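My notes follow in the order I looked things up.

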Amino acid sequence: MKTLPLRYFPDGILFQKCEPVPEVTDEIRTLAQDMILTMMIEKGIGLAAPQVGKLLRMFVVDVEWPKGTEQADPHVFINPTVEFKGPLIKSVEGCLSFPGETAELERAKEILVRALGLDGQEFVMEADGVLAVAIQHENDHLEGKTFSDRLSWLRKSGVQKRVKKKLRDQKRAAAKKS
Ligand code: ZN
């Protein structure tokens with residue numbers, strides 16, 4: 001397993017619609033494992049393929065691992081469809097492609113998701129609360145939507161400035177190390 005470089009806002013790949021995964025191959029399984037590792041190393045609870053530069057309809061979610069790595073419970077969703085079930089709830093979301101940024105958004109409290117697993121078989125899963133919110137957030141990425149689409153223009157340009165500065169600072173720090 002290896003970690004994959006993340007794509008950050010305003011990278012154009014984050015705004016493109018993803019293509020279905022034609023077949024669950026070893027390559028896809030490796031990508032999923034690498035995405036899970038990347039998500040955990042970067043301290044996220046979800047990661048979608050476009051965030052690591054792949055325009056594929058797949059994402060990984062694990063809302064349990066922050067409680068302790070022994071509680072890790074990663075889920076892989078390939079070619080998912082999400083059905084909204086519950087009422088809307090407000091919660092604060094972050095995104096690995098927007099380091100340090102959060103926003104309060106409304107999402108369905110309960111959902112039903114259908115997807116292919118790593119074995120290529122379809123599964124159906126009910127989710128609620130944090131898991132439901134995380135799945136909806138990642139599923140948006142497959143449509144080229146990020147939570148910046150839900151922010152005002154002013155907040156959006158603030159986010160863009162801060163993310164750019166953060167990346168500049170990181171590059172500078174890396175240059176000093178080498
Ligand atoms: Zn995200």
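**Disulfides.** I looked for disulfides and found 0 in the structure. I took a disulfide to be a pair of cysteine sulfur atoms within 2.5 Å. A disulfide is a covalent bond between the sulfur atoms of two cysteines.

I then checked burial. I call a residue buried under 20% relative accessible area, exposed over 50%, and partly exposed in between (1.4 Å probe, protein chains only). Cys 18 is buried, with a relative accessible area of 4%. Cys 95 also counts as buried, at 10% relative accessibility.

**Ground rules.** I note that this is a predicted model, in which local features need pLDDT of at least 70 and side-chain atom pairs count only at pLDDT 80 or more, while totals for chains, interfaces and linings use all residues. Residues are numbered from 1 along each chain as its sequence is written, and side-chain values use heavy atoms, with hydrogens and water left out.

**Zinc site.** Which protein donors does the zinc ion have? I found Cys 95 (SG), His 137 (NE2) and His 141 (NE2), lying 2.1 to 2.2 Å from the ion. Donors here are N, O and S atoms within 2.8 Å of the metal (3.2 Å for Na, K and Ca); water is not among the atoms, so sites may look incomplete. Along the chain, the donor spacing reads C-x41-H-x3-H. His 137 and His 141 sit in helix α2 (residues 129-142). They are 4 residues apart there, so about one helical turn separates them. Both histidines, His 137 and His 141, are buried.

**Whole chain.** I counted 3 helices and 7 strands in the protein chain. These are DSSP runs numbered from the N terminus: helices are H or I, at least four residues, and strands are E, at least two. In sequence order the pattern is α-β-β-β-β-β-β-β-α-α. The radius of gyration is 16 Å, close to the 16 Å that the globule rule gives for 178 residues, so the chain is as compact as a globular protein of that length. That radius is taken over C-alpha atoms, and the rule is 2.2 Å times the number of residues to the power 0.38. The C-alpha trace spans about 45 × 40 × 35 Å along its principal axes. Of the 178 residues, 45% count as buried.

**Strand β2.** Is β2 covered on one face or both? Both faces of β2 (residues 58-61) are covered. Met 58 and Val 60 are buried on one side, Phe 59 and Val 61 on the other. In a regular strand the side chains alternate between the two faces of the sheet.

Next I traced the partners of β2. Two strands pair if DSSP finds at least two bridges between them. Strand β1 (residues 46-48) pairs with β2 in the antiparallel sense over 3 bridges. Ala 48 stands opposite Phe 59 there. Strand β3 (residues 75-84) runs antiparallel to β2, joined by 4 bridges. Ile 78 in β3 is the bridge partner of Met 58.

**Thr 102.** I ended at Thr 102, which lies in strand β5 (residues 102-108). Thr 102 is partly exposed, at 44% relative accessible area. Leaving aside neighbours within four places in sequence, Thr 102 contacts Val 92, Glu 93, Gly 94, Phe 147 and Arg 155. Contact means heavy atoms within 4.5 Å.
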